[in-house]
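Please have the sequence and the structure open while reading.

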Amino acid sequence: MDWKGYTVIYVVLFAFATAQAVVEFAGLVESAYWIAFAVIMVLSVIKAVGVAAYYQHLRWEPRAVTYLVVGGTVAALALTGAAAYSIL
Amino acid sequence: MSHDHGLPPKSSVSRWFLTTNHKDIGVLYLITALFFLVFGGVLALLFRLELITPGADLLGQMGYNQAVSTHGLLMVFWFISPFAFGFANYLVPLQIGADDLAFPRLNALSYWLYLFSGLLMGVSFFQGTTFAGGWTMYAPLNTPAYIPGEGLGATSVVLALIMFTAAVTLGSVNFLTTMYRMRAEGLRMRDIPIFSLSINLTVWMMLFAFAALLAALMILASDHILGTTYFQYSIDGTTMATDADNPGASLLWAHLFWFFGHPEVYIVFFPALGVMAECFQTFTGRRLVGRKWFIISMVLVAIQSFVVWMHHMFLTGINLPIKTIFMATTIGISLPFDLMVFSLIYTMAKGRVRFTTPFLFSLGALILFIIGGITGVFLGAIVLDYQFRGTYWVVAHFHYVMVAGATALFGGLYYWYPKITGKMYNERLGQIQFGVYFLGFNLLYFPMFIAWETPRRVFVYPESLQIWHSMATVGGFILGASFLLMFYNLFVSLWRGEDAGDNPWAYATSAEWAVSSPPPLENFPGVPSYATGKLEFLDDETVAERTERASGAGHGHAATDGGTAADGGAVTTRAAATATAMEPAHETAGEEHASHASFWPFLVSLGGFVTFLGLSGVRTGSVVYLSMAAIGGLVTFGSLFGMTREPFHAPEMAIAERWPFSSVEKMKLGMWTFLASDIVLFGAFIGSYAFVRVAYGWTAWHHDLIPAEHVTMPGLINTYLLLTSSFLVVLAMVAAERESKRGTVAALVGTFALGVGFLINKGLEWQHLFHIHSEAFPNGWNLSTNIASSTFYLTTGLHGAHVTIGLIICAYMAVRAWNGAYQGDDRAIEYFGLYWHFVDIVWLFLFPLFYIL
Ligand code: HEM
Ligand SMILES: [Cu+2]
């Protein structure tokens with residue numbers, strides 16, 4: 001990837017971060033918490049995938065490296081999800 | 001001298017401080033682990049004596065609690081896994097056809113961190129009292145508020161465990177990189193000897209499980225040292241039964257610990273399983289029956305081990321549906337185990353058995369394991385566990401399984417003793433030891449099933465059970481005595497034993513038996529290859545030929561990228577793999593020899609030891625402790641720097657089997673594996689936050705616990721700063737590729753500046769929050785104010801620490817770039833970038849979770 005591609009990614013990341021704050025400043029967190037929650041988290045996930053895929057070059061590595069990363073993530077999510085569910 | 005590449009002979013003491021060779025380090029691990037076995041064993045004998053009669057009349061109450069707790073910790077952490085990894089260090093490179101591990105200095109560092117962590121554990125006994133809260137370290141019992149006295153010894157033990165975990169994490173990264181980058185040509189993953197395969201799966205579990213443990217320990221250490229309140233039910237002094245302001249406190253520890261703890265039992269057992277399989281094959285003269293299914297079962301168990309942890313929590317307040325699910329997964333995990341057990345039995349039935357000492361120990365281990373496994377299934381049933389939980393049934397169960405593992409490993413010690421020493425032990429005496437061992441073991445642990453109503457970890461029990469406990473104590477001493485036979489046998493055989501030759505065992509086929517005993521420093525007489533279906537050693541010419549052919553045929557990178565890149569250098573405990581990226585890639589022209597000696601790993605670990613010892617007492621404000629922390633920190637940092645500057649060559653193999661990571665150069669693979677464990681570390685921190693917040697009430701949290709002054713803006717600014725710095729790192733790469741020195745330097749300096757800006761902004765924000773005076777928070781909002789402030793400061797603080805480490809590396813790289821480095825070869829920048837972008841990604845989640853939602 002050349003610097004132009006990297007710049008495009010950067011602009012998108014910057015915009016998404018701003019969008020997350022806008023969701024809050026617009027009062028959505030107060031009025032419709034769970035919708036705001038979903039929107040903000042989805043934006044974070046998209047940003048994270050973007051950084052991993054392009055800045056960390058996962059797109060161009062063998063799939064196995066992605067599986068490694070996904071493995072760690074799934075382990076952490078399993079812990080968080082099951083633990084939280086256990087006390088609901 | 002020159003022949004051994006700067007490494008003194010084995011008879012010289014200095015060799016053992018300098019060596020980075022996997023075989024030397026394997027021996028160091030074995031001996032050190034046996035030392036901790038004796039340490040833990042003596043403690044056990046002490047409290048078995050105590051238990052001859054009900055009541056604490058020998059050790060006293062606190063003495064008993066300390067002996068039981070440290071016995072458990074020493075055996076589980078400092079003996080059994082390191083013992084297995086002594087074999088792993090020695091044998092895995094030999095079995096897969098490598099000349100060493102991928103990062104030899106990192107391997108030495110793992111060992112020294114392990115040793116010093118154990119010493120720290122030992123020192124804790126002299127800080128008043130040591131840790132006394134049970135090896136599971138349940139909360140809130142083990143927070144300073146509930147520990148009698150100053151509790152410095154307990155803090156030291158927590159820190160010792162952190163140091164141990166660091167060693168394990170470095171080791172996991174090292175082994176995985178080795179096994180995926182350095183297998184002999186033609187050796188597919190599924191074809192590597194079963195012991196190495198079991199280590200591979202063990203290491204995968206370690207990578208993820210120990211990261212979760214690290215999170216748990218860091219949080220506990222923070223409660224001890226910094227005064228956060230993760231594991232405290234009530235912070236403002238109201239009673240915890242009626243008005244807890246952190247209702248998730250105790251369950252949080254249970255979840256974190258057992259998420260690690262269940263995989264840990266397989267981490268302990270898998271290497272033993274590998275040893276058993278090797279010994280069964282050799283001494284029955286049969287290939288493992290159903291080898292493919294055996295392997296599939298191991299893979300299944302390794303994965304499933306992460307989804308059964310709540311069977312340790314059946315008696316806590318978790319809900320019934322989740323208990324039921326975990327009962328089902330627990331039954332599920334015993335199925336693949338059955339398959340493995342049958343495979344071993346069937347191998348034995350079909351072969352011609354030779355009852356040598358290693359085989360006896362392996363067979364004994366199998367029998368013990370079957371008993372242990374069956375009694376475990378009882379515990380996995382919710383209704384039965386309601387009865388058995390907290391009794392000696394559990395104690396008996398887990399000793400049958402865990403010590404079964406140890407039994408197999410002792411078999412391994414006899415099995416590989418001739419390879420490691422070149423001498424044969426006394427067979428007759430070995431068989432006698434097995435007899436005494438097996439008798440002692442069963443006399444020690446079986447009565448515990450009968451006396452199962454004894455409450456666990458308590459020194460009083462019903463008088464009627466005394467006979468069983470007396471039997472157990474006698475058994476304990478018989479078991480202990482059997483080790484005297486073993487030590488005697490192995491020690492004397494060093495001088496009197498017959499020469500073992502290359503391969504004393506008929507039918508032993510794995511590659512370590514194809515070389516001399518002990519093997520030469522660089523293992524093989526040529527480059528090992530299985531390309532023709534059997535092991536051959538290629539000379540330089542053939543290698544050169546094949547490399548050319550491979551690149552000609554478009555196999556690409558895999559076969560041609562050998563001969564470059566130095567061993568991963570500078571390492572802090574967490575930044576291990578990170579710093580490897582800044583190591584200059586020493587281009588080694590063909591004939592350059594690998595290095596085998598470095599003093600820095602020892603010094604780094606010594607510094608770490610002093611630092612942690614100091615940290616254990618800083619909360620007392622004592623000058624001694626404070627200065628130890630400061631001096632230790634300096635030594636650690638200085639020696640890390642020295643290690644980075646030291647030229648050290650660990651060439652990649654010219655030809656090797658590298659599926660499925662063939663185009664991922666070893667430093668990059670090391671970095672990615674490290675990051676995977678860091679994902680779990682941060683995941684567990686974020687998971688802890690989510691958990692205590694759910695326990696408190698997700699939406700009430702923000703309103704009740706967080707001051708209005710805690711606003712979004714500083715977080716948003718920091719998000720911008722980090723995103724921009726990540727962008728600059730990729731620009732630095734682009735510039736280095738284009739050989740623009742100015743561009744590279746500018747981008748790196750920019751990254752550094754933005755990172756510093758991030759930290760300053762955070763510092764200002766924290767200062768502000770510490771000192772607010774609002775109606776709800778008249779005394780500011782600091783680490784101890786409430787559970788929300790604790791999670792906020794600790795999680796973002798851990799992230800800040802990652803930023804700081806990144807900045808140190810970044811500054812170093814900027815200076816090197818200024819001196820002309822990286823031009824035309826941007827790999828080092830790329831590896832640093834992997835770390836830096838990861839830190840950025842973490843922030844992308846911390847920002848919304850801690851600032852917006
Ligand atoms: C068939 C497989 C197994 C099953 C179904 C099983 C089940 C269980 C259960 C349900 C408990 C919790 C008991 C309680 O505290 O009430 C337990 C405890 C324990 N198990 Fe197992 N287990 C199995 C195999 C193993 C193996 C292979 C090991 C180690 C090598 C092991 C080590 C332990 C340990 C150390 C504990 C005690 C933890 C503590 O201190 O509370 N188990 N087991
Ligand atoms: Cu378990």
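Q: How are the donor residues of the copper ion (ligand 2) spaced in sequence?
A: In this predicted model, the protein donors of the copper ion (ligand 2) are His262(B) through ND1, His311(B) through NE2 and His312(B) through NE2, lying 1.8 to 2.1 Å from the ion. Written as a pattern along the sequence, the spacing of these donor residues is H-x48-H-H.

Q: Which parts of chain B does the pair His262(B) and His312(B) link?
A: Both residues are among the protein donors of the copper ion (ligand 2). They are 50 residues apart and link distant parts of the chain, with His262(B) placed in helix H7 and His312(B) in the loop between helix H8 (291–304) and H9.

Q: Are His262(B) and His312(B) buried or exposed?
A: The term buried is used for a relative accessible area under 20%, computed on the protein chains only. By that cut-off, His262(B) and His312(B) are each buried.

Q: Which residue is the only protein donor of the iron atom of ligand 1?
A: A donor of this metal has to be an N, O or S atom within 2.8 Å, and a single protein atom, an NE2 at 2.2 Å, is listed for the iron atom of ligand 1. The residue that carries this atom lies in helix H12 of chain B, and it is His397(B).

Q: How far apart are the iron atom of ligand 1 and the copper ion (ligand 2)?
A: The iron atom has His397(B) as its only protein donor, whereas the copper ion has His262(B), His311(B) and His312(B) as its protein donors. The separation between the iron atom of ligand 1 and the copper ion (ligand 2) is 4.6 Å.

Q: Which helix supplies the largest share of the shell around ligand 1?
A: The shell around ligand 1 consists of 23 residues, which by class are 11 nonpolar, nine polar and three charged. The largest share, six residues, comes from H10(B).

Q: What distance separates a polar side-chain atom of Asp385(B) from an oxygen atom of ligand 1?
A: Asp385(B) is among the closest residues around ligand 1, as is Trp135(B). For Trp135(B), a polar side-chain atom lies 2.9 Å from an oxygen atom of the ligand, and for Asp385(B) the corresponding distance is 2.5 Å.

Technical notes
Residues are numbered from 1 along each chain as its sequence is written. Chains are lettered from A and ligands numbered from 1 in the order in which they are written. This is a predicted model: local features need pLDDT of at least 70, side-chain atom pairs count only at pLDDT 80 or more; totals for chains, interfaces and linings use all residues. Side-chain values use heavy atoms; hydrogens and water are left out. A residue is near a molecule or strand if one of its heavy atoms lies within 4 Å of it. A polar contact is a pair of N or O atoms within 3.5 Å; within protein, one must be able to donate a hydrogen and the other to accept it, and residues adjacent in sequence count only if both atoms are side-chain atoms. Helices (H or I, at least four residues) and strands (E, at least two) are DSSP runs, numbered from the N terminus. Ala, Val, Leu, Ile, Met, Phe, Trp, Tyr, Cys and Pro count as nonpolar, Asp, Glu, Lys and Arg as charged, and the others, Gly among them, as polar. Donors are N, O and S atoms within 2.8 Å of the metal (3.2 Å for Na, K and Ca); water is not among the atoms, so sites may look incomplete. Buried means under 20% relative accessible area, exposed over 50%, partly exposed in between (1.4 Å probe, protein chains only).
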